[in-house]
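Subject: A structure for you to look at

Hello,

Here is the structure I promised to pass on to you. Have a look at it first, and then read on for what turned up.

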Amino acid sequence: MKKWIGQHIWDYVSRFRSKVYIESGDLEISKVSGDSTLELSSWSATAGHSGTLKFQKSGTAAVDTFTAGDHTTAGETLGRIEAYGVDDNDGSTLSSYIEFANDAISDADSTPGRIIFATSDADDAGTPTVRLTIDDDGL
């Protein structure tokens, strides 16, 4: 991380041994040249351990709060991965996405899932078309 103070730049490496919360903003990783990378590393001799990108959606508006009756509902978006490009008008335009959603109402021990894959064609004005959906039955 670089920190600007007046004319000076300081480089910092931050290491956290617990969770880091950003409650009222976005986390952005930008790089001028080359691939920007979000790395999830697991250092373990156990085969089942891996880096995990976790999307968490609750039915309540309080951070880290799970309240009885505030379950996620059918059709609710649980997480989404989006890819953008730059169009001829120098604007950022959505090209494709993978969306994760509830396929039915959550019950006491499960959240039925649906995965949606969408891509743009030349005439969709930045609104990708759903091309494949996998529902909670695996269909």
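What radius of gyration does the chain have, and what would a compact globule of 139 residues have? The chain comes out at 20 Å, whereas a compact globule with that number of residues would be near 14 Å. Please keep in mind that this is a predicted model.

Among contacts in the chain with a separation of 6 or more, 24% join residues 24 or more positions apart.

Rolling a probe the size of a water molecule over the atoms shows where empty space is left. The largest pocket has a volume of about 2400 Å³. It is lined by 36 residues, and those closest to its centre are V20, I22, L27, L38 and L53. Sorted by class, this lining holds 17 nonpolar, 10 polar and nine charged residues.

The second largest pocket holds about 260 Å³ of space. Its lining has 17 residues, with K57, H71, T72, S106 and T111 the closest to the centre. Here the classes are five nonpolar, nine polar and three charged.

Where does N102 sit in the chain? You will find N102 in strand β4, which covers residues 92–102. Is N102 buried or exposed? Its relative accessible area is 0%, and buried means under 20%, so N102 is buried.

What does the side chain of N102 touch through a polar contact? The partner is the side chain of S106, at 3.0 Å. If you set aside the neighbours within four places in sequence, N102 is in contact with T72, T73, A74, G75, E76, L78, T111, P112 and R114.

Enjoy exploring, and write back with any questions.

Best wishes

Methods: Residues are numbered from 1 along each chain as its sequence is written. This is a predicted model: local features need pLDDT of at least 70, side-chain atom pairs count only at pLDDT 80 or more; totals for chains, interfaces and linings use all residues. Side-chain values use heavy atoms; hydrogens and water are left out. On a 1 Å grid over the protein atoms alone, a cavity is a set of points where a 1.4 Å probe fits but cannot get out, and a pocket is an open set with protein on both sides within 12 Å along at least five of seven lines; lining residues have an atom within 4 Å of a point. Grid points are joined across faces, edges and corners, and a volume is the space filled by probe spheres set on the points. Ala, Val, Leu, Ile, Met, Phe, Trp, Tyr, Cys and Pro count as nonpolar, Asp, Glu, Lys and Arg as charged, and the others, Gly among them, as polar. Helices (H or I, at least four residues) and strands (E, at least two) are DSSP runs, numbered from the N terminus. Buried means under 20% relative accessible area, exposed over 50%, partly exposed in between (1.4 Å probe, protein chains only). A polar contact is a pair of N or O atoms within 3.5 Å; within protein, one must be able to donate a hydrogen and the other to accept it, and residues adjacent in sequence count only if both atoms are side-chain atoms. Contact means heavy atoms within 4.5 Å. The radius of gyration is taken over C-alpha atoms; the globule rule is 2.2 Å times the number of residues to the power 0.38.
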